[in-house]
Amino acid sequence: MTLEHDLRPTPPSTPDGAPAIRTGPVIALLVASAFVVILNETIMGVALPRLMVDLDVTAATAQWLTTGFLLTMSIVIPCTGYLLARFPLRGLFFTAMSLFATGTLVAALAPGFEVLLAGRVVQASGTAIMLPLLFTTVLNVVPASHRGRMMGVISIVIAVAPAIGPTVAGAILSALDWRWMFWLVLPIALLAIALGAVWVRNVTETSPATFDPLSALLAAAGFGGLIYGLSLVGESASGHAPVAPGIPVVVGVVALVVFVWRQLVLQRTDSAFLDLRTFTSRSFSLAVVLVVVVMSALFGSLILLPLYLQQALALDTLTVGLMMLPGGVLMGVIAPVVGALFDRHGPRPLVLPGMVVAAAALWGMTTFGIDTQIWWIVAVHMTLNLGLGFVFTPLLTSALGSLPRSLYSHGSAITSTLQQVAGAAGTALFVTLMSVGAAGAASAGAAPAQAMAVGVHRAFVVGAFIASVAVVLTLFVRKPAEVEGEAPVLVGH
């Protein structure tokens, strides 16, 4: 069965009786393009140790290649609600993929860290538009009777792409220079643009929309300040922080407070940049908190495990990539099963055991040391992905399904933004804890490999504790009334 066969939405009718546009190829291309751009969120994890040597940067600095990507997405995604309402699908597709292709080219040609980071930021700008574009198109052209199966296909893409990023990178780095991680992706992006010229049509409607520049600036300063401050803590541990970490954190908190106040004011005229009335839904608020925990654990582990495997266990990049592959494949395999179980039983029978399994896996990761067996590391990583796979999709579905239809777009933007912020925060937090722990162990006389193992242990202890607290919160997850009887809207990654 082909992808296009699985993606057979009902074409929208045209008012003048003209032949309806075939939307199957459009969605198939969007799904394939989304897979490529999502893959790049985590493709740098395995490459960080080599980049640290080639570009002469610390681990805390190098992790900005992942954190900066996620942070850019968290800044751009809130703007996509306006973009999707204001501009047609075809133009946004070419904008997104052109940005991604341009960023990929810049990264491939980068002579140093600063240019490479700039390329990653441009890549992320395109990715941030591509993800909401895919979901908005699906919700506009796919009838509710087919939407569940469609979300299953998309969930596989979302689960597998970031998880196999380290595997793809490991395979490339085993034989080629790190720049080939971008040179090999560039032709795929250009092919998507070429196919888009043939297949992509404006199958969604546009409408007047108000953009508030002040809210966008406040959101950027708020989220950027928090993540930058967290990253600086790790750099300060190695003595390379350019400013005190507390300064950007305070700036971020103040900006977010003003941002919230601004949205509350704009809500009075229904012109909020992000309508915070979504948080009046108890189910939405609780699910968002748990999604933040899940994304932090997922991306924190995806960035920390490759560093540990290469620097503490001295494994090569290909081996590391292959070790990360089973967990990613497992998440993809169970995604449609979890979707079907959610429709039948609701979120809590899935979320509660899933979070217990994820927390247990993180506690298992606290046992990692310089003598840990490879089979145990692979088994624990697979267990973590199994648990997260049973948590992630039900939480997003129940969160957005608890909202009135008028708040779907704002709920989608909020959850998508917080997912990226959580991923960036998890990456920064895990690397910070690792850096601080490793620096302390090194100052006490530990060898480099042993110091790295100590730092990794400290990071996973904190992660396991947070996940354990989240287990308690899952006891309060309920199936929202709005989900009953219809396919809920599932948006974001």
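Me: Why is Arg 262 called partly exposed?

Reply: Arg 262 has a relative accessible area of 21%. Buried means under 20%, exposed means over 50%, and partly exposed is what lies in between (1.4 Å probe, protein chains only). So Arg 262 falls in the middle class.

Me: What should I keep in mind about the model?

Reply: It's a predicted model, where local features need pLDDT of at least 70 and side-chain atom pairs count only at pLDDT 80 or more, while totals for chains, interfaces and linings use all residues. Residues are numbered from 1 along each chain as its sequence is written, and side-chain values use heavy atoms, with hydrogens and water left out.

Me: What makes Arg 262 and Asp 212 a salt bridge?

Reply: The test asks for a side-chain nitrogen of Lys or Arg within 4 Å of a carboxyl oxygen of Asp or Glu. Arg 262 and Asp 212 come in at 2.9 Å, N to O, and pass. Arg 262 sits in helix 12 and Asp 212 in the loop between helix 10 (186-199) and helix 11 (213-237), so the pair ties together parts that are 50 residues apart in sequence. Helices here are DSSP runs of H or I with at least four residues, strands are runs of E with at least two, and both are numbered from the N terminus. Asp 212, at 10% relative accessibility, counts as buried.

Me: How many salt bridges does the whole structure have?

Reply: A search finds three. Asp 275 and Arg 277 form one of them, at 2.6 Å from N to O. Asp 275 is buried at 5% relative accessibility, whereas Arg 277 is partly exposed at 33%. Asp 177 and Arg 179 also pair up, at 3.7 Å. Asp 177 is partly exposed at 34%, and Arg 179 gets that label at 23%.

Me: What makes Val 250, Val 254, Val 258 and Trp 261 a nonpolar surface patch?

Reply: Patch residues need over 30% relative accessible area and no salt bridge; like charges are joined within 9 Å, and nonpolar side chains (Val, Leu, Ile, Met, Phe, Trp, Tyr) within 5 Å. These four residues make a patch of about 390 Å², with areas from the Shrake-Rupley method and a 1.4 Å probe, where for residues only the protein chains shown count as cover. Val 254 lies in helix 12 (residues 246-266) and is partly exposed at 48% relative accessibility.

Me: How do you know whether the span of helix 14 agrees with its number of residues?

Reply: The expected span is 1.5 Å times one less than the number of residues. With 29 residues (317-345), helix 14 should span 42 Å, and its end C-alpha atoms are 41 Å apart, which agrees. Helix 2 (residues 24-39) passes as well: its 16 residues should span 22 Å, against 23 Å between the end C-alpha atoms.

Me: Where does helix 14 bend?

Reply: At Ala 335, by about 35°, with Pro 336 following within four residues. That bend is the angle between axes fitted to the seven residues ending at a position and the seven starting there. Just after helix 14, Gly 346 takes a positive phi of about 85°.

Me: Why is helix 2 called largely enclosed?

Reply: 14 of its 16 residues are buried, so the rest of the structure largely encloses helix 2. Across the chain, 58% of the 493 residues count as buried.

Me: Is His 381 buried or exposed, and how do you know?

Reply: Its relative accessible area is 2%, so His 381 is buried. His 381 belongs to helix 16 (residues 374-401). Beyond neighbours within four places in sequence, its contacts (heavy atoms within 4.5 Å) include Leu 302, Met 323 and Met 365.

Me: What makes the phi of Asp 56 worth a look?

Reply: Most residues other than glycine have a negative phi. Asp 56 has a positive phi of about 55° although it is not a glycine. Asp 56 lies in the loop between helix 3 (48-54) and helix 4 (59-62) and is exposed at 69%. Ala 314 also has a positive phi, about 60°; it is found in the loop between helix 13 and helix 14 and counts as exposed at 66%.
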